[in-house]
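Visitor: Could you walk me through this one? I'd like to start with the overall layout and then get down to particular side chains.

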Amino acid sequence: MLPAGMPVDDTISKLKGLLQKGDTIIDGGNSFYKDDIRREQQLRPLGIHYMDAGVSGGIWGLKIGYCLMIGGEKEGFRSLEPLLRTLAPKEGYLYCGPAGSGHFVKMVHNGIEYGMMSAYGEGFENPQRVALCR
């Protein structure tokens, strides 16, 4: 789990020289889904699998598990499933589709979550406005 952008690209560049055909890279940060597509296309000819994992769980993740949204080849997902079952609460992980789809679903999740938090904040800051909306 690295900060999105150049740190991920730099790390993948270093890993390419160390990994072998059949190895897997999992990006568990909040990368941009189009970067995932590009990375997967660069690694596929080398036989290195690339999976993107949107991770949700916040402060409760350590205690109850992380909800995981996985993108990449279905074969890669199946090989990672025992790991995913260990990290996630029961039924708390989902194969979302090809490379980029895990981070895309996480992006939508974040948009909904942040919109709700903003609405809550407005409600607590302006209770009179909320009362008028009822």
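Guide: What follows goes from the fold to the cores, the aromatic pairs and the salt bridges.

Guide: This is a predicted model, in which local features need pLDDT of at least 70 and side-chain atom pairs count only at pLDDT 80 or more, while totals for chains, interfaces and linings use all residues. Residues are numbered from 1 along each chain as its sequence is written, and side-chain values use heavy atoms, with hydrogens and water left out.

Visitor: Fine. How many helices and strands does the chain have?

Guide: The chain has six helices and four strands, where helices (H or I, at least four residues) and strands (E, at least two) are DSSP runs numbered from the N terminus. Along the sequence they follow the pattern α-β-α-β-α-β-α-β-α-α.

Visitor: And what radius of gyration does the chain have?

Guide: The chain has 18 Å, whereas a compact globule of 134 residues would have a radius of gyration near 14 Å; the radius is taken over C-alpha atoms, and the globule rule is 2.2 Å times the number of residues to the power 0.38. The C-alpha trace spans about 60 × 30 × 25 Å along its principal axes.

Visitor: What share of the residues is buried?

Guide: Buried residues make up 34% of the 134 residues in the chain, with buried meaning under 20% relative accessible area, exposed over 50% and partly exposed in between (1.4 Å probe, protein chains only).

Visitor: Let's go inside. Which residues make up the largest nonpolar core?

Guide: That core has ten residues, namely Met51, Ala53, Val55, Leu68, Ile70, Phe77, Leu80, Leu84, Ala88 and Tyr93. Strands β2 (49-56) and β3 (67-71) and helix α4 each supply at least two residues of this core. A nonpolar core here is a set of buried Ala, Val, Leu, Ile, Met, Phe, Trp, Tyr and Cys residues joined through side-chain atoms within 4.5 Å. A second, separate core of six residues includes Val8, Ile12, Ile25 and Tyr50.

Visitor: Take Leu68, then. What is leucine 68 in contact with?

Guide: Leaving aside neighbours within four places in sequence, leucine 68 is in contact with Gly54, Val55, Leu84, Leu87, Ala88, Gly92, Tyr93 and Leu94, contact meaning heavy atoms within 4.5 Å.

Visitor: Phe77 was in that list too. How are the rings of phenylalanine 77 and tyrosine 93 arranged?

Guide: The count comes to four aromatic pairs, a pair being rings of Phe, Tyr and Trp (its six-membered ring) with centres within 6.5 Å, and planes under 30 degrees apart counting as stacked, over 60 as edge-to-face and the rest as tilted. Phenylalanine 77 and tyrosine 93 have ring centres 6.1 Å apart and planes at 45°, so this pair is tilted. The pair links distant parts of the chain, with phenylalanine 77 in helix α4 (residues 74-87) and tyrosine 93 in strand β4 (residues 93-97), 16 residues apart. Phenylalanine 77 also forms a tilted pair with tyrosine 95, at 5.0 Å centre to centre and 40° between the planes.

Visitor: Are those two, phenylalanine 77 and tyrosine 95, buried or partly exposed?

Guide: Phenylalanine 77 counts as buried at 7% relative accessibility, whereas tyrosine 95 counts as partly exposed at 22%. Elsewhere, ring pairs link Phe32, Tyr33 and Phe104 into a cluster.

Visitor: Switching to charges: how many salt bridges are there?

Guide: A search of the whole structure finds six salt bridges, each a side-chain nitrogen of Lys or Arg within 4 Å of a carboxyl oxygen of Asp or Glu. Asp9, Asp27, Asp35, Asp36, Arg38 and Arg39 are linked in a network of them.
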